[in-house]
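Below is a short note for someone opening this entry for the first time. Please read the points with the model on screen.

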Amino acid sequence: VIKCKAAVAWEAGKPLSIEEVEVAPPKAHEVRIKIVATAVCHTDAYTLSGADPEGCFPVILGHEGAGIVESVGEGVTKVKKGDTVIPLYIPQCGECKFCKNPKTNLCQKIRITQGKGVMPDGTSRFTCKGKQIYHFMGTSTFSEYTVVADISVAKIDAAAPLDKVCLLGCGISTGYGAAVNTAKVEPGSTCAVFGLGGVGLAVIMGCKIAGASRIIGIDINKDKYAKAKEFGATECISPQDSKKPIQEVLVEMTDGGVDYSFECIGNVGVMRAALEACHKGWGLSVIVGVAAAGQEISTRPFQLVTGRTWKGTAFGGWKSVDNVPKLVTEYMSKKIKVDEFVTHTLPFDKVNEAFELMHSGK
């Protein structure tokens with residue numbers, strides 16, 4: 001058993017608490033990882049807020065991390081002690097019907113136990129002050145050591161800087177993949193990206209790499225426009241600058257609508273606007289943002305009858321074990337940006353400050 005520091009969420013709506021936790025050794029088909037770097041994501045904040053129907057407390061959050069394998073359980077063959085890895089919140093077992101189908105990346109092998117905050121055998125590897133602590137998204141990267149299923153880990157280039165490539169565990173991969181895998185953006189096309197946070201910037205990057213000729217960024221926070229343009233946005237607009245609904249503004253700006261739109265916020269009203277900003281006959285809108293539990297999307301069916309398509313994406317459609325190492329290689333060869341997504345680097349005990357910076361759009 002390893003004793004180490006972790007940021008524990010004791011209850012919903014309260015700040016994280018840095019505690020000493022005990023991390024049990026990995027059981028069969030499990031891997032214990034020394035986490036070197038982790039990022040914060042709105043999904044962590046969503047669960048912490050209490051709005052997540054799958055949220056269980058007390059829990060160790062975090063799902064964008066990178067580290068070194070400390071030990072492996074019985075039967076683990078894909079990684080060994082000392083390997084550099086990224087934990088995966090969407091695993092890839094290679095055996096379930098989802099993994100065998102090239103149309104999806106949503107491996108279901110450990111979905112039920114992962115959703116309940118436990119390892120595949122139904123128990124936790126974390127304890128603190130004599131209490132069992134739940135796992136989060138199968139990763140729990142807000143701990144100096146974590147235990148994950150062996151199908152939830154990608155072995156990556158040992159030379160990769162972990163304080164950067166941890167971002168490939170969720171946000172960058174999600175946005176980039178939404179453009180290149182889910183939408184399959186075509187050269188010369190026009191795109192609109194709603195929400196210019198980390199995921200939105202990654203979508204812009206993907207659209208640019210795919211050869212889009214016009215990329216319109218949409219956000220009410222104008223402080224984000226300069227960064228969006230650095231990533232490839234050709235222009236940026238705010239919905240607050242017009243009396244007309246934003247979809248009408250976009251339809252006018254683009255002679256009938258955009259070819260591709262992306263909702264990167266998790267707001268059902270914006271999801272509707274993103275669909276309705278698409279061009280009749282071929283426009284495609286991708287939902288990337290996660291809306292709160294119980295919310296529903298709506299539009300007039302005629303929007304779809306007249307040739308628009310509504311799609312969703314999880315982790316950008318990447319089959320995780322196969323593709324995360326390739327994304328790291330793309331970063332190392334400068335095909336995709338990663339360093340530019342990092343705005344602040346804080347010591348682990350300032351994790352609550354990191355959330356405040358994220359909430360304030362910084």
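Which residue forms a salt bridge with Arg214?

1. Glu235 is the partner of Arg214, and their closest N and O atoms are 2.9 Å apart. A salt bridge here is a side-chain nitrogen of Lys or Arg within 4 Å of a carboxyl oxygen of Asp or Glu. Glu235 is in strand E13 (residues 235-237) and Arg214 in strand E12 (residues 214-218), so the pair, 21 residues apart, links distant parts of the chain. Arg214 is partly exposed, at 23% relative accessibility. The accessibility classes are buried (under 20% relative accessible area), exposed (over 50%) and partly exposed (in between), with a 1.4 Å probe and protein chains only.

2. A word on the basis of these values. The model is predicted, so local features need pLDDT of at least 70 and side-chain atom pairs count only at pLDDT 80 or more, while totals for chains, interfaces and linings use all residues. Residues are numbered from 1 along each chain as its sequence is written, and side-chain values use heavy atoms, with hydrogens and water left out. Helices (H or I, at least four residues) and strands (E, at least two) are DSSP runs, numbered from the N terminus.

3. The salt bridge count comes to 16. One of them joins the side chains of Lys129 and Glu19, at 3.3 Å from N to O. Lys129 lies in the loop between strand E7 (126-128) and strand E8 (131-133), and Glu19 lies in strand E2 (residues 17-23), so this pair ties together parts that are 110 residues apart in sequence. Lys129 is exposed, with a relative accessible area of 62%, whereas Glu19 is buried at 12%.

4. Another salt bridge stays within one helix. The side chains of Glu276 and Arg272 meet at 2.7 Å, N to O. Both residues are in helix H9 (residues 268-276), and because they are four residues apart, about one helical turn separates them. Glu276 is buried, at 14% relative accessibility, and Arg272 is partly exposed, at 27%. Elsewhere, salt bridges link Lys27, Glu30, Asp121 and Arg125 in a network.

5. UniProt positions follow the numbering used here, feature names are shortened, and annotations may be inferred rather than shown by experiment. The record gives "domain: Alcohol dehydrogenase-like N-terminal" for residues 28-156. That span is 13% helix and 30% strand, and its end C-alpha atoms lie 22 Å apart. The record gives "domain: Alcohol dehydrogenase-like C-terminal" for residues 198-327. Here the span is 38% helix and 15% strand, with end C-alpha atoms 16 Å apart.

6. Where is Ser261 found? Ser261 is in strand E14 (residues 260-263), and it is buried with a relative accessible area of 0%. Neighbours within four places in sequence aside, the contacts of Ser261 (heavy atoms within 4.5 Å) include Ala192, Phe194, Leu275 and Val286.

7. Last, a helix pair. The axes of helix H1 (residues 42-49) and helix H12 (residues 351-359) come within 11 Å and cross at roughly 105 degrees. Axes are lines fitted to C-alpha atoms, for helices over the stretch in contact, and angles run from 0 to 180 degrees between N-to-C directions. H1 is therefore roughly perpendicular to H12, a label given to angles of 65 to 115 degrees. His42, Asp44 and Ala45 in H1 meet Phe355, Met358 and His359 in H12.

Terms used. Parallel < 35°, antiparallel > 145°, perpendicular 65-115°, else oblique.
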